[in-house]
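Subject: Structure handover

Hello,

Here is the structure for you to take over. Please open it first, then read the notes below.

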Amino acid sequence: MIDLHIHTTYSDGDKNITEILKMCENKKLEYISITDHNTVKQYEDEALKNNNIFSGKVIKGVELNAVFQNKNIEILGYNIEPNIINEWCQKYYSSQKLKEQQEICYRRLLDICDKQGLKYDESQIIKPKSTGYVEISIYEELMKHKENYKILGEFTESLGVFFRKGLANPESIYFVNRIEFRPKYKEVIDIIHKSGGKAFLAHPFEYKFKDTMEFINNLREEKELDGIECFHPSANQEQRNILIDYTKNNNLYISGGSDYHGSSKPDIEIGVGRGDLSISKEILNWLYV
């Protein structure tokens with residue numbers, strides 16, 4: 001079993017490298033990739049450099065934000081050279097830039113909440129470190145007030161729904177426009193390839209596009225992908241099969257992972273997602289190509 005999509009405290013996960021390695025060892029995973037958002041500094045961590053915890057193999061990976069057709073998406077890079085990716089990330093994701101972006105999005109979302117008549121106690125909103133999403137803390141505070149539920153409607157279902165269909169949706173009144181800070185899709189693919197890696201579209205069905213497969217076709221016309229993340233908790237079995245068939249018909253590779261974050265996604269477990277991933281290492285035919 002493998003898990004090629006895991007987050008740690010180097011981005012928006014709540015477990016450190018040591019804790020993640022222990023969890024993966026307990027699960028008896030054979031291959032893993034720690035794919036923190038917009039950084040590869042996790043691979044400088046002593047626990048990973050001098051790994052004596054996890055007996056499986058670690059594929060160096062990253063999850064990079066990108067913009068295509070005014071939509072925010074994520075691209076997974078595998079078998080990358082960390083130094084090249086980290087140097088490039090400073091252009092968009094230095095500590096100072098992230099701090100500035102966080103403050104802008106904080107004020108934007110609170111202004112939106114005020115306009116919508118949502119109740120919150122600002123003193124209870126804890127801003128995360130610069131790499132974290134302040135929107136998460138705001139959402140958690142909004143959920144404490146039952147009178148907000150009627151106003152928010154479907155967004156009360158989960159943080160994921162609020163993020164994808166609200167915060168990241170240009171057509172939503174809750175859109176905070178983080179895409180203005182993001183690099184273009186083509187540039188992200190290019191830097192992954194420059195680093196010697198392979199680029200995979202992360203969790204296609206999580207974006208809630210009207211036509212997911214058409215969107216993938218449009219992406220590939222702009223710049224070809226190496227593969228698609230077919231196994232992910234956001235896709236049911238039917239959707240996984242659609243993606244797998246698509247990769248076979250278009251000579252693309254397959255990846256998959258739990259997208260583990262910890263407490264912010266309490267129903268997601270390393271290695272198995274919501275219990276049914278169990279991804280085989282057989283999909284790693286691309287690893288040494």
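Start at helix α7. The cover over its buried residues includes β5 (71-78), α4 (95-115), α5 (134-142) and α6 (149-152). Helix α7 itself spans residues 159-167, and its buried residues are Val 161, Phe 162, Phe 163, Arg 164, Gly 166 and Leu 167. Bear in mind throughout that this is a predicted model.

**Helix pairs**

The crossing of α4 with α5 is right-handed. On the α4 side, the contact uses Gln 102, Cys 105, Tyr 106, Leu 109, Leu 110 and Cys 113. On the α5 side, Val 134, Glu 135, Ile 138 and Leu 142 take part. By class, the residues of this contact divide into 8 nonpolar, 1 polar and 1 charged.

Helix α4 also meets α3, which covers residues 82-93. The axes of α3 and α4 come within 7 Å and cross at roughly 35 degrees. This crossing is left-handed. From α3 come Gln 90, Lys 91, Tyr 92 and Tyr 93. From α4 come Ser 95, Lys 97, Leu 98 and Gln 101. The contact of α3 with α4 has 3 nonpolar, 3 polar and 2 charged residues.

Next, take α9 (residues 212-222) and α10 (residues 237-249). Their axes come within 12 Å and cross at roughly 30 degrees. With the cut-off for roughly parallel at under 35 degrees, α9 and α10 are therefore roughly parallel to each other. Their crossing is right-handed. In α9, the residues in contact are Met 213, Ile 216, Asn 217 and Arg 220. They meet Ile 242, Leu 243 and Tyr 246 of α10. The class count here is 5 nonpolar, 1 polar and 1 charged.

**Nonpolar cores**

Which residues of the largest nonpolar core touch the most other members? They are Ile 73, Ile 75, Tyr 185 and Leu 284, in a core of 66 residues. Ile 73 is worth a click. Beyond four places in sequence, Ile 73 touches Leu 64, Asn 65, Ala 66, Phe 68, Tyr 185, Leu 201, Tyr 207, Phe 209, Phe 215 and Leu 219. Another core lies apart from the largest one. This other core has 23 residues, among them Tyr 120, Tyr 133, Met 143 and Tyr 174.

**Four single residues**

Cys 24 sits in helix α1 (residues 17-26). Is Cys 24 buried or exposed? Buried means under 20% relative accessible area, so Cys 24 at 0% counts as buried. Leaving out residues up to four places away in sequence, Cys 24 touches Ile 6, Leu 29, Ile 32, Phe 54 and Ile 270. Cys 24 and Ile 242 are 218 residues apart in sequence. From C-alpha to C-alpha, Cys 24 and Ile 242 are 28 Å apart in space.

Thr 8 is in the loop between β1 (2-6) and α1. Thr 8 is buried, because its relative accessible area is 0%. Among the residues in contact with Thr 8, beyond four places in sequence, are Gly 13, Lys 15, Ile 17 and Asp 36.

Asn 86 belongs to helix α3. Its relative accessible area is 11%, so Asn 86 is buried. Beyond its neighbours up to four places away in sequence, Asn 86 touches Thr 39, Val 40, Lys 41 and Glu 44.

Glu 229 lies in strand β7 (residues 227-231). Why does Glu 229 count as buried? Its relative accessibility is 1%, and the cut-off for buried is under 20%. Outside four places in sequence, Glu 229 touches His 5, Leu 76, Leu 201, Ala 202, His 203, Pro 204, Leu 243, Ser 255, Gly 256 and Gly 257. One of these, Leu 243, is also part of the contact of α9 with α10. Glu 229 and Lys 27 are 202 residues apart along the chain. Their C-alpha atoms are separated by 21 Å.

Over to you.

Best wishes

How values were computed
Residues are numbered from 1 along each chain as its sequence is written. This is a predicted model: local features need pLDDT of at least 70, side-chain atom pairs count only at pLDDT 80 or more; totals for chains, interfaces and linings use all residues. Side-chain values use heavy atoms; hydrogens and water are left out. Buried means under 20% relative accessible area, exposed over 50%, partly exposed in between (1.4 Å probe, protein chains only). Helices (H or I, at least four residues) and strands (E, at least two) are DSSP runs, numbered from the N terminus. Contact means heavy atoms within 4.5 Å. Axes are lines fitted to C-alpha atoms, for helices over the stretch in contact, and angles run from 0 to 180 degrees between N-to-C directions. Angles under 35 degrees count as roughly parallel, over 145 as roughly antiparallel, 65 to 115 as roughly perpendicular and the rest as oblique. A crossing is left-handed if the near helix is turned anticlockwise from the far one by less than a right angle, and right-handed if clockwise. Ala, Val, Leu, Ile, Met, Phe, Trp, Tyr, Cys and Pro count as nonpolar, Asp, Glu, Lys and Arg as charged, and the others, Gly among them, as polar. A nonpolar core is a set of buried Ala, Val, Leu, Ile, Met, Phe, Trp, Tyr and Cys residues joined through side-chain atoms within 4.5 Å.
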